[in-house]
Every structure is written in structure tokens, then in C-alpha cells.
Amino acid sequence: MPYSLRDKRVLIVGSGSDIAAALVTDLLREGARVTLAGRNIEKTASATKALGDAVRPLSLDLSDEESIRAAADQVRAAGGLDHLVSVATERANGPVASLERGALHAAFDAKVVGPILLAKHFARLIAEEGSLLFFSGLAAWRPSPGLAAMAATNGSVSTLVSALAVELAPTRVNALSPGVIDTSNWDVVAADKQELFRQVAASAPARRVGDPSDVSAAARALLVNPYINGETLHVDGGARWS
């Protein structure tokens with residue numbers, strides 16, 4: 001029988017993104033039991049309420065190990081987990097000459113140090129055939145000026161999951177690397193979102209930008225396949241090669 005997400009307990013760390021919302025919606029449609037974690041419990045509770053009564057909020061700050069430990073204790077008391085997915089990110093973009101140490105620390109906490117601590121405290125709570133899933137990103141494979149920190153953190157994620165897959169076996173650990181995805185985040189970081197999307201679509205082999213549903217489908221594929229381990233799945237329309 002194919003592995004199913006029905007009744008599986010899934011914790012998603014990072015409550016504020018369109019990708020997280022799409023993943024939660026799809027997980028609920030497949031019958032999963034979802035907990036949404038974020039450092040701002042009021043904001044996280046509001047997000048869970050918008051997604052429906054089936055989603056439970058949890059306070060968790062990736063920059064605070066005690067917060068991660070406390071969240072793991074709550075999950076343990078509730079019976080454990082099948083899957084943990086972290087979509088959390090912090091931007092530290094800009095020319096190297098202008099980067100600030102605090103922003104760099106926040107970026108690495110979200111993408112590298114935080115996931116290591118998640119593995120430290122949650123791996124023992126993952127059920128048989130369960131997994132940890134972390135998010136990398138296109139900047140690691142297509143570096144560009146102003147994105148050195150993003151390239152470093154995303155590249156570290158890919159290396160990290162291979163190491164964790166070996167150390168935490170048989171618990172699986174994978175990464176997902178999205179390309180340019182049509183989310184509200186671009187309303188803030190792009191001067192002209194539609195022009196950016198037009199350029200990306202013209203150059204990428206898939207001839208379009210991605211949608212949160214593309215990322216959600218790939219994430220769920222990694223969760224349900226018990227023989228994918230230590231890998232980075234690229235969901236970028238082939239943009240690495242263009």
C-alpha cells in the first residue's frame with residue numbers, strides 16, 4: 001500500500017508564507033493533522049484560525065534553543081510526530097560591503113543553526129517512515145550580486161540534510177529548493193514583480209515562474225516516499241541551467 005499522509009502528524013515551522021499556507025491546505029485535504037509553529041504565537045494562532053480548526057498553533061523561535069526544546073516537549077506530550085517541515089527564512093540581502101552581522105546571524109539561525117537544533121530536539125520524536133524536510137533555494141546554485149548570504153545559507157541546507165540523513169538514520173532528512181515562486185513576498189523585494197516574472201519565464205526552460213502549489217506538491221512527494229533520503233529536490237523550472 002502506498003504511503004499516505006492521512007492521519008499523519010505534520011509540524012510546519014514558519015507560519016507567514018504563501019508556500020506554508022498552500023502546504024497546510026493540501027495536507028489537510030489529504031487528511032493530515034497539522035501543527036503550525038512560529039515565534040509570534042499571536043500571529044501563528046491567527047494564521048491557524050484562518051486555515052481552519054484542524055490546525056493547531058505552537059510557539060517556536062529558531063533563534064532560541066530553549067523555545068525549540070519547549071516546543072519539542074509539547075509535541076512529545078501530544079504523542080510525537082510523523083514529519084517536520086521548516087519553511088522558515090530570514091533575508092540578509094545586499095552587497096557584502098553593507099551586510100550587518102545581526103542580519104547574517106538571523107539568516108543562519110533560520111536556515112542552518114535552527115534546523116540543526118530542530119533535528120537535535122525533534123528527531124527522536126519522529127515516527128517510523130517519518131522525515132525532516134528543510135528548505136534550500138535557487139541562490140545556492142545561481143549566485144548573483146547581493147545574494148551572498150542567501151547563497152551561503154541555502155547551500156548549507158543542502159549539505160546539512162545529507163549529513164543528517166546519515167547521522168539520524170533511519171529517520172529521513174531531505175531538502176527542497178524552490179526557484180522563483182509567485183508569492184506575495186515579491187511585492188516587497190521586487191521593484192516590478194511582473195517584469196521580473198516575465199524575464200524569469202522567458203529564460204527558464206519551463207517558460208514560467210512557479211506557483212506555491214508546485215512547491216507543495218514537491219514537498220508532499222518527499223514526505224510520502226520512504227526511499228528518498230539525504231536529497232535536495234529542485235523545484236525551479238530548470239532555472240539552474242538557464
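Let's start with helix H4. Its buried residues are Ala107, Ala110, Lys111, Val112, Gly114, Pro115, Leu117, Leu118, Ala119, His121 and Phe122. Buried means under 20% relative accessible area, exposed means over 50%, and partly exposed lies in between, with a 1.4 Å probe and protein chains only.

A word on the source. This is a predicted model, where local features need pLDDT of at least 70, side-chain atom pairs count only at pLDDT 80 or more, and totals for chains, interfaces and linings use all residues. Residues are numbered from 1 along each chain as its sequence is written, and side-chain values use heavy atoms, with hydrogens and water left out.

Helices (H or I, at least four residues) and strands (E, at least two) are DSSP runs, numbered from the N terminus.

So what covers the buried residues of H4? The cover includes S1, helix H3 (65-77), strand S4 (81-86), S5 and H5. Contact here means heavy atoms within 4.5 Å.

H4 spans residues 101-122 and has a kink of about 55 degrees, centred on aspartate 109. The bend at a residue is the angle between axes fitted to the seven residues ending there and the seven starting there.

Now the backbone. Strand S5 (residues 126-135) holds glutamate 129. That residue is not a glycine, yet glutamate 129 has a positive phi of about 70 degrees. Glutamate 129 counts as partly exposed, because its relative accessibility is 41%.

Aspartate 7 is not a glycine either, and its phi is positive, about 65 degrees. Find aspartate 7 in the segment before strand S1 (9-13).

Last, a cis peptide bond. It runs from alanine 169 to proline 170, with omega near 10 degrees. Proline 170 sits in the loop between helix H5 (148-167) and strand S6 (172-178).
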